[in-house]
Amino acid sequence: MSLTFLTIEEVSAMLRLSRDTVYRLAQSGELPGKKIGRAWRFVAEEIESFAARGFSDGEHAKQVRAEYEAREHVLETTIRTQHD
């Protein structure tokens with residue numbers, strides 16, 4: 001298996017983020033990468049996985065929010081019924 005390594009500039013273009021943002025995310029550990037000497041290198045598959053996970057997490061958050069709002073509506077209806 002051969003890995004494809006990317007530079008900060010390539011990751012920046014891939015994710016459509018500024019070079020500084022990619023550097024900051026890598027420094028903080030949010031973006032999977034490794035500093036080799038003075039240069040950062042990223043495995044392309046890990047960056048793709050990182051980006052995909054972010055989008056699927058967004059869908060999960062929408063689902064959780066919808067379930068919360070449904071429970072909230074049931075609770076409000078129950079309270080109104082008990083007070084009437």
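1. Lys34 has Arg41, in β3, as its bridge partner. The model is predicted. Strand β2 and strand β3, residues 39-43, pair in the antiparallel sense over three bridges. Strands of a sheet pair through backbone hydrogen bonds, either parallel or antiparallel.

2. Now the whole sheet. It is open and has three strands. The order is β1-β3-β2, and the pairing is antiparallel. The edges are β1 (5-6) and β2 (34-36). Each has a single partner strand, so one side of each is left without a neighbour in the sheet.

3. A helix covers part of this. Helix α2 packs on the sheet and touches β2 and β3. The direction of α2 makes about 80° with that of β3.

4. Step back to the overall layout. The protein has three helices and three strands. From the N terminus on, the elements run β-α-α-β-β-α. Take contacts between residues at least 6 apart in sequence: 43% of them join residues at least 24 apart.

5. Next, the salt bridge. How many does the structure hold? The count is one. Arg19 forms this salt bridge with Glu9, and the closest N and O atoms are 2.8 Å apart. Arg19 lies in helix α2 (residues 19-28) and Glu9 in helix α1 (residues 8-15), so the pair ties together parts that are 10 residues apart in sequence. Side chains of opposite charge can pair when their charged atoms come close.

6. The reason is the cut-off: buried means under 20%, exposed over 50%, and partly exposed is in between.

7. Helix α1 also has buried residues. Which ones are they? Ile8, Val11 and Ser12 are buried in α1. These residues cover an arc of only 105° around the axis, which puts them on the same side of α1.

8. Look just past the end of that helix.

9. Last, the surface. The protein has 84 residues, and 15% of them count as buried. The protein exposes about 6,700 Å². Carbon and sulfur atoms supply 55% of that area.

Methods. Residues are numbered from 1 along each chain as its sequence is written. This is a predicted model: local features need pLDDT of at least 70, side-chain atom pairs count only at pLDDT 80 or more; totals for chains, interfaces and linings use all residues. Side-chain values use heavy atoms; hydrogens and water are left out. Helices (H or I, at least four residues) and strands (E, at least two) are DSSP runs, numbered from the N terminus. Buried means under 20% relative accessible area, exposed over 50%, partly exposed in between (1.4 Å probe, protein chains only). Contact means heavy atoms within 4.5 Å. Accessible areas come from the Shrake-Rupley method with a 1.4 Å probe; for residues, only the protein chains shown count as cover. A salt bridge is a side-chain nitrogen of Lys or Arg within 4 Å of a carboxyl oxygen of Asp or Glu. Two strands pair if DSSP finds at least two bridges between them. Axes are lines fitted to C-alpha atoms, for helices over the stretch in contact, and angles run from 0 to 180 degrees between N-to-C directions. The arc is that of the directions from the helix axis to the C-beta atoms.
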